[in-house]
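Hello,

Here is the structure I promised to pass on.

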Amino acid sequence: MMAAGRVGTLDCGFTARPDAPAEPEATLDAEAVGLLPFLTRGARADLQAAAAQHVLALTGSGPGRALLAGQAGLLQALAELAVTAAPALARDAVRALVNLAADASLHERLLAADPGLPARLLGRALDPQWPWADEAAAALANLSREPAPCAALMGTLAAAAPGSGLERLVCALCTPGYNARAPLHHLGPLLSNLSQQPAARAFLLDPDRCVVQRLLPLTQYSDSSLRRGGVVGTLRNCCFEHRHHKWLLGPEVDILPFLLLPLAGPEDFSEEEMERLPVDLQYLPPDKQREPDADIRKMLIEAIMLLTATAPGRQQVRDQGAYLILRELHTWEPEPDVQMACEKLIQVLIGEEPECGMENLLELQVPEDVERQLQQLDHQEQEQLEQQQRLSSGEEPAPT
């Protein structure tokens with residue numbers, strides 16, 4: 001049986017500066033107060049640049065980030081520099097915002113200091129001429145991991161003019177060379193986090209827009225695991241909408257081969273087995289490599305698991321030979337938690353169908369006592385996985 005789960009978020013995977021050595025709190029406080037005059041409009045450009053570099057250094061430590069988050073005026077000045085200043089000055093300012101936004105406990109104070117910060121950053125992230133657009137996207141990806149700022153950003157996107165907002169974000173993500181000066185890989189985790197929101201999923205799953213179809217090829221995007229993982233996370237979140245499963249699995253989208261192909265290796269199936277597979281998964285070359293990132297492999301499995309929530313979905317996934325790919329993946333998979341997820345999906349595919357009235361696993365109401373037992377089993381499984389990982393890395397097993 002599959003638990004409903006939660007629509008997932010992704011960390012942007014980006015830190016603009018490693019942690020710096022800690023300084024005494026009183027020293028940091030004095031520095032922060034003294035920096036503000038040099039960050040405001042009208043200050044000399046060389047002093048602004050030096051102040052921005054110093055703020056970036058402060059964001060490299062936990063105490064420095066906490067201190068800056070309490071300086072509303074300084075945060076406002078930093079946000080303005082990040083989006084309106086000369087590119088060289090903006091670089092340090094926006095990277096400081098990336099580091100501040102990486103700390104979820106600071107989100108509320110960041111947005112209180114500048115409620116328009118998401119809209120400011122979004123404008124720069126989608127500006128095809130801005131050299132630090134990827135850093136702006138990274139800051140937004142970090143902010144959007146939490147529900148409140150994610151909802152605020154989604155509101156900004158929804159209020160944008162037609163052709164802008166979420167449509168433009170998807171265009172930037174899917175268009176090679178959209179910004180010749182910035183790679184924009186962080187738009188991937190940003191879109192994944194936005195797909196937590198029902199409004200974003202409604203946009204992505206609108207049959208008249210063909211948005212999902214544009215994202216599917218990026219599951220094989222080899223230049224960036226960040227972009228690839230963001231797209232896979234987006235697709236997984238969309239798969240929570242079981243009302244769209246028939247459309248997603250049908251010929252208009254045909255999502256399953258795009259989810260299975262990264263999980264497939266160079267296996268040589270029999271002719272009978274090969275005929276059960278979609279055309280794109282038949283006769284793969286002997287040098288075919290599986291998705292190298294374990295987290296992405298797990299998200300792909302989770303997306304397929306969600307597509308098996310209904311009886312028609314389970315049958316369609318079976319009919320397209322998913323079991324064959326998953327069987328070989330389970331044998332090959334080196335990561336215990338990914339192997340466990342694969343095993344659970346295989347059990348759904350080869351197991352008996354649920355009783356009448358229980359066919360939709362996403363709508364299934366689990367009694368509280370059963371839910372507690374399942375949570376306890378999940379906890380035990382997690383402990384076992386951690387124990388296996390410690391043993392495989394040569395560490396001493398934890399005491400029981």
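Below is what I found in the side-chain contacts.

This is a predicted model, so to speak of local features we need pLDDT of at least 70, and side-chain atom pairs count only at pLDDT 80 or more, while totals for chains, interfaces and linings use all residues. Numbering runs from 1 along each chain as its sequence is written, and side-chain values use heavy atoms, without hydrogens and water.

Salt bridges (a side-chain nitrogen of Lys or Arg within 4 Å of a carboxyl oxygen of Asp or Glu) come to 15. One of them joins Glu 291 to Arg 228, at 2.6 Å from N to O. These partners are 63 residues apart: Glu 291 is in the loop between helix H17 (271-276) and helix H18 (294-307), and Arg 228 is in helix H14 (residues 225-238); helices are DSSP runs of H or I with at least four residues, numbered from the N terminus. Glu 291 is buried at 4% relative accessible area, and Arg 228 is buried at 7%, where buried means under 20% (1.4 Å probe, protein chains only).

Arg 124 has two partners to look at. Its salt bridge with Asp 127 has the closest N and O atoms 3.0 Å apart, and its charged end sits over the ring of Trp 130, 3.6 Å from the centre. A charge sits over a ring if NZ of Lys or CZ of Arg is within 6 Å of the ring centre and within 35 degrees of the ring normal. Arg 227 lies over Tyr 221 in this way, at 5.0 Å.

Enjoy exploring!

Definitions and conventions: Helices (H or I, at least four residues) and strands (E, at least two) are DSSP runs, numbered from the N terminus. Buried means under 20% relative accessible area, exposed over 50%, partly exposed in between (1.4 Å probe, protein chains only).
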